[in-house]
Amino acid sequence: MRIAMISEHASPLAILGGEDAGGQNTHVAELSAALAAAGHDVRVYTRRDALDLPVTVRAPDGYDVVHVPAGPAEPVAKDALLPHMREFSRWLVERWRGGDWTPEVIHAHFWMSGLAALTAGRQTGVPVVQTYHALGTVKRRYQGVQDTSPARRISYERELGRSVDRVVAQCRDEVGELVRMGVPRSRMTVVPSGVNLASFAPLGPVADREPGRARILTVGRLVERKGFQTVVRAMALVPDAECVVVGGPPEGLLETDPYARRLRALAESCGVADRVHLVGAVPREEMGRWYRSADLLVAAPWYEPFGLTPLEAMACGVPVVGTAVGGIRDTVVDGTTGDLVPARDPQALATAIQRLLDDRIRRFRYATAARERARSRYSWAVAAERLAEVYGEVAAVRRPTRVVA
Ligand code: UDP
């Protein structure tokens with residue numbers, strides 16, 4: 001099929017770890033690669049955020065990335081992108097009407113891509129599939145006044161859910177949220193994200209580590225909701241082990257990133273600064289080395305729409321101690337592939353970490369079950385196959401879409 005992916009702020013070619021570059025970039029890149037490998041013709045449309053970007057770039061994995069001129073050709077925070085979505089959709093319509101390539105299905109990633117997709121889809125008669133990646137209701141619940149999303153985000157998300165041809169949710173928790181928002185269950189299909197089983201495998205290069213000292217790894221964009229503060233506090237209750245934090249800007253972490261500075265100050269005040277190492281962003285292709293160097297991965301977010309990092313660790317055969325939130329409740333099987341603890345509870349986190357560090361046999365059992373679960377259920381090839389079925393269904397029906405305000 002001819003498939004248009006729309007990912008307005010998250011380019012599959014971006015460097016990850018920064019504030020707005022994380023799981024969605026990985027998801028779009030890996031999914032597009034898997035669909036291309038299965039013989040589909042995939043184009044990813046993302047906003048042009050630098051002047052020197054060519055309109056179309058062929059990704060090494062066999063799909064095209066198209067840079068859409070919408071708004072200034074420079075980085076713009078995602079919460080400030082809404083005013084440029086009309087221009088984004090206009091450009092798509094002109095392109096698809098005038099050129100020799102028109103998609104048979106549009107898969108939108110994130111709500112603003114959904115708005116652009118719905119407008120363009122309506123004008124060109126192409127069906128739209130929506131994956132939210134994150135929901136405004138959840139963000140508002142946890143971040144309150146600190147949530148900088150546009151005011152109308154939640155109502156747009158609800159309207160999108162009722163208007164697109166299919167909503168693809170990533171986990172059971174998301175289905176519940178969407179139903180509570182008023183999106184009918186019958187419009188949804190659950191297709192979890194996958195993991196690249198070639199890059200994330202138990203065997204392969206390993207990052208250096210200090211002999212004789214247990215290593216806890218935690219990975220993500222350096223934003224508050226990822227719960228790194230809870231991890232640092234827990235470290236004070238886990239003597240001797242070191243904690244490596246991967247994520248943040250690629251260079252000048254402590255000079256440029258206020259959150260990194262806060263984490264460092266917290267580590268100092270908890271007396272663990274010598275055992276907590278902030279390494280900054282790591283290129284995607286080197287992530288496997290870091291997972292493999294760890295005794296366990298800690299993922300301690302307050303909330304998590306899906307959470308790729310626990311799955312990547314599992315695929316490397318690394319047990320996970322995670323908070324019982326969002327997609328982590330689907331990927332990590334409590335007591336089998338890892339342990340789940342309540343969010344924002346350093347004591348519970350420390351207890352679970354220490355118990356695993358003290359029990360080599362349990363770690364081995366979890367590691368084996370984790371790898372098997374990732375391998376059997378979460379390959380990108382499986383996700384691509386299930387999505388291709390969804391695309392085929394919506395393209396066959398070609399139900400006319402309703403208008404979003
Ligand atoms: N990641 C990376 N380098 C970093 C930090 C993160 O490649 O320095 C990748 C990580 O391997 C994962 C993604 O970014 O693929 C983060 O996805 P996740 O779903 O865990 O979090 P999100 O960013 O979507 O909140």
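**Talking through a predicted model**

Tutor: Quick heads-up: this is a predicted model. The UniProt record, an unreviewed entry, places "domain: Glycosyl transferase family" at residues 212–373. In that span, 42% is helix and 17% is strand, and its end C-alpha atoms lie 29 Å apart.

Student: What makes strand 3 and strand 8 edge strands?

Tutor: Strand 3 (56–58) and strand 8 (188–190) each pair on one side only. They belong to an open sheet of eight strands, ordered 3-4-2-1-5-6-7-8, with mixed pairing.

Student: How do you know that strand 3 and strand 4 pair?

Tutor: Pairing takes at least two bridges. Strand 3 and strand 4 (residues 64–68) have three, in the antiparallel sense, so they count as paired.

Student: Which residues have the most contacts inside the largest nonpolar core?

Tutor: Y291, L296, L297, V298, V318, L349 and I353, in a core of 118 residues. Helix 3 (residues 111–124) gives the largest share, seven residues. Domain 1 (2–194 + 380–397) and domain 2 (215–377) each supply at least three.

Student: How do you know that L349 touches V298?

Tutor: Touching here means C-beta atoms within 7 Å. V298 is on the list of residues L349 touches, along with T230, V231, A234, A300, V321 and V341, so that pair meets the cut-off.

Conventions. Residues are numbered from 1 along each chain as its sequence is written. This is a predicted model: local features need pLDDT of at least 70, side-chain atom pairs count only at pLDDT 80 or more; totals for chains, interfaces and linings use all residues. UniProt positions are given in the numbering used here, feature names are shortened, and annotations may be inferred rather than shown by experiment. Helices (H or I, at least four residues) and strands (E, at least two) are DSSP runs, numbered from the N terminus. A nonpolar core is a set of buried Ala, Val, Leu, Ile, Met, Phe, Trp, Tyr and Cys residues joined through C-beta atoms within 7 Å. A residue is buried if 20 or more other C-beta atoms lie within 10 Å of its own, exposed if 12 or fewer, and partly exposed in between; C-beta atoms are placed from the backbone. Domain bounds come from an automatic or database domain assignment. Two residues are in contact if their C-beta atoms, placed from the backbone, lie within 7 Å. Lists of a residue's contacts leave out its neighbours within four places in sequence.
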